[in-house]
Amino acid sequence: MQEQELVKQLQEGDRNAFDQLYLLYSPQAYRTAYFLTGSRADAEDVVQETFVQVWLFIRQLKDSSGFRSWFYRILTRMAFRKGSAGKREIPDADVALLADRGSEGDSLSDLLLKEERERIRRAVDSLDEKHRAVIVLYYFNEFSTKEIAGITGSLEGTVKSRLFAARRKLQKSLRDHTDPAGSSGDTDINRFWKGSSI
C-alpha cells in the first residue's frame with residue numbers, strides 16, 4: 001500500500017495504518033534519533049514520543065505527501081529536547097556496539113573501515129545539536145537542504161551554512177584525531193552513512 005494512502009487512513013483513525021507506518025518508519029527513525037541524542041535509551045524514548053505525537057496530531061497535516069518531512073520535524077524536536085535535558089555521553093558499551101566490531105574472520109581492510117566509521121561517529125557526536133542535525137538529516141536521511149529547512153524551521157541558506165560549517169568541523173576533528181597509521185582525516189562521510197548500522 002502507498003505511504004500516502006496509509007497516512008490518509010491514519011487521519012481517519014485507522015490503527016492498522018498507524019501500525020504499518022510504525023513498521024515502515026521506526027528502524028530509520030531509531031537510528032536517526034540515536035545519532036542525534038547519542039543514547040540508545042533516549043533514542044527509544046524519542047521514537048516512542050514521536051509516534052505518540054503523530055497519532056495525536058496527524059489530522060493537522062494538510063498534505064499527506066508531506067508526512068516524511070513532518071515526521072522528522074517532530075522527531076528532531078523531540079531529540080533536541082531530550083538532548084538538552086541531560087548531558088550527551090556515550091557509555092563504553094555503546095561505543096563498542098557502534099564500532100561494528102566484527103568477528104575474528106574480519107579482514108584487515110574490514111577492520112580499518114570499521115575503525116574509520118567509529119572515528120566519524122565520534123566526530124559527528126562532538127558537533128553541537130544544530131550542526132549534528134543537518135549532517136544526520138542530509139547524509140543519513142538524504143533530505144535536501146530545502147527539506148531540512150522545513151524540518152528544522154530554518155531558512156535554506158542557514159541550513160547550507162550549517163552544513164558547510166559542520167563539514168569543516170568534521171574534517172578538522174578527523175584531522176586532529178588521525179591515527180598513527182596516517183589516515184588523512186578527509187574521510188568520505190557518504191561512505192560512512194551507507195555502511196552504518198546500529
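Reply: Let's begin with Glu156, which is partly exposed at a relative accessible area of 30%. Keep in mind that this is a predicted model, where local features need pLDDT of at least 70, side-chain atom pairs count only at pLDDT 80 or more, and totals for chains, interfaces and linings use all residues. Residues are numbered from 1 along each chain as its sequence is written, and side-chain values use heavy atoms, leaving out hydrogens and water.

Me: What makes the contact of Lys160 and Glu156 a salt bridge?

Reply: A salt bridge needs a side-chain nitrogen of Lys or Arg within 4 Å of a carboxyl oxygen of Asp or Glu. Here the N to O distance is 3.8 Å, so the pair qualifies.

Me: Why are Lys160 and Glu156 separated by about one helical turn?

Reply: Because they are four residues apart in helix α9 (residues 156-176). A helix here is a DSSP run of H or I with at least four residues, numbered from the N terminus.

Me: How do you know that Lys82 and Asp45 form a salt bridge?

Reply: Their N to O distance is 3.5 Å, so this pair also meets the cut-off. Lys82 lies in helix α4 (residues 67-85) and Asp45 in helix α3 (residues 40-57), 37 residues apart, so the pair links distant parts of the chain.

Methods. Helix = DSSP H or I, 4+ residues; strand = E, 2+ residues; numbered from the N terminus. Buried < 20%, exposed > 50% of the residue type's maximum accessible area, 1.4 Å probe, protein only.
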